[in-house]
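Q: Could we go through this structure together? I would like to begin with a strand and then turn to the rings.

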Amino acid sequence: MGVPATTAVAWSIDGLTFNYRSPVSGGIRLGGYVVVEAPRGALLGQVLSQQGVEEDGERLVTGAGQLLDTPAGRFGFDEVGISPAPEHLIDERLGRRGATLELGTLRDAPGVTARLVAKGFNRHTFLCGQSGSGKTYSLGRLLEELVLRTTLPLLVLDPNGDHVHLGRTRPGVDLAAADAYAAVANGIQVLAAEPRDGEAPLRIRMRELGAEGVAALLQLDPIADRQEYNALLHALRDAPDEGFESVEAATEMFRASGDEVLELIRMRTENLAVDRMAAWAKRSARSIAEVWSQDQPRALIADTSGFEERRERTAVAVAVLEHLWSRRKQRRPLLLVVDEAHDVCPADPDDPQQRLAVDRFTRIAGEGRKYGIHLLLASQRPDKLPENVLSQCDNLLLMRVNSAGDRAALAARFGFVPPELVELAGTFGLGESLLAGRVSPDPQLARTGARLTPEGGADIPTDWAG
């Protein structure tokens, strides 16, 4: 006698994967965990695909999934019972060794903590979510966990000032949790374009951009502007302190040299207002590279929101990338976090400085990991970042993405994530996400938990709407 269609059953051909059918009311959900009553003992599994069907007038769901921690032998089996896994089994599964970062809870099992594997961040990570998905809030929660439960140094490029309060807990946080966080957060420093509340200024030095960086900022082409470009290279090479410490020192030297070509460079510097950029360090202020090297902070937040021009934010990014690359052989592990990464690493750069920044990000994405330089890039859409950078990411943290085209592009790029789970991103609510890759060997549908620290940025109020 066959099993009734209204009974939830599963079967396996290879003992590694399973297929199933279940009544709609069976509680088995896409991305959820199940218990499969295999002949040799119950097995935990995860549903990775699902669709609705109708048989003999009954509405059913069918799908397939992966069996987890299967015993040796990998025996297939005929139809057996299948049911949603109890939360304590899911919690045991996700609490595996190394899964120490507590981001929130599972979306469909609110009693289970969503956990990430800390060592998974030794691969590059892409955090994607459209405006209003909770991306920045969730990134802040992740940074808190990295500060609290690892010793990995963080260098955060923060274009909106969203993470400037990472070093202090917000009011109302449980006292024990606040004390635990305070004990490890005292090494967090904030540099800001417009310092306030005891912050230090965020500045760079001309020499930290390297010859290519200075030339790009001055829009000098090595062929079309070959005389000026070559004169600049020699001037930078011959300058004291391995390049000019300040733009003032450079322009003064160009003026005093009497060299006609250097005078052209000086005029170009002034005409493009490069000498008036707020990002330049004065002699009394340390640059971000100097702070990073000298202080070795637990986390360094670079708040670039006060820079009015994109070229200043890009110059800071280039200076950081050049500094990290020049010291790569020290093999000091770090996580370079770039919020709104498309601002300084656009898919379609439209000037020499942007192209140089993309080149440096591409180099770090391709070769940085072997030197301990890991990336966490956050952006609203996959097509806003260069393909050569995105293709190097082995972790995907995906929040709401309404565009079907963007979801298809993500599914194609991140082939280690089941496409039907990626497609769910169009249905996510605020703070809901899909976690997958080295940081989450089992794809997790999660909901971000409460922050320990205040969120820095804020949306413009809409009280005008009445």
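Predicted model: local features only at pLDDT ≥ 70, side-chain atom pairs only at ≥ 80, totals over all residues.

Q: How many residues of strand 10 are buried?
A: Five of the five residues in strand 10 (residues 154-158) are buried. Buried means under 20% relative accessible area, exposed over 50%, and partly exposed in between (1.4 Å probe, protein chains only). Strands (E, at least two residues) and helices (H or I, at least four) are DSSP runs, numbered from the N terminus.

Q: Which way do the side chains point?
A: Leu154, Val156 and Asp158 point one way, and Leu155 and Leu157 the other. In a regular strand the side chains alternate between the two faces of the sheet.

Q: And what does strand 10 run parallel to?
A: Strand 13 (residues 299-303) runs parallel to strand 10, joined by five bridges; two strands pair if DSSP finds at least two bridges between them.

Q: Now the rings: how many aromatic pairs are there?
A: The whole structure has four. Rings of Phe, Tyr and Trp (its six-membered ring) pair if their centres lie within 6.5 Å; planes under 30 degrees apart count as stacked, over 60 as edge-to-face and the rest as tilted. Phe126 and Phe414 are stacked, 6.2 Å centre to centre with 10° between the planes.

Q: Is Phe414 buried or exposed?
A: Phe414 is buried, at 0% relative accessibility.

Methods:
Residues numbered from 1 in each chain as written. Heavy atoms only, no water.
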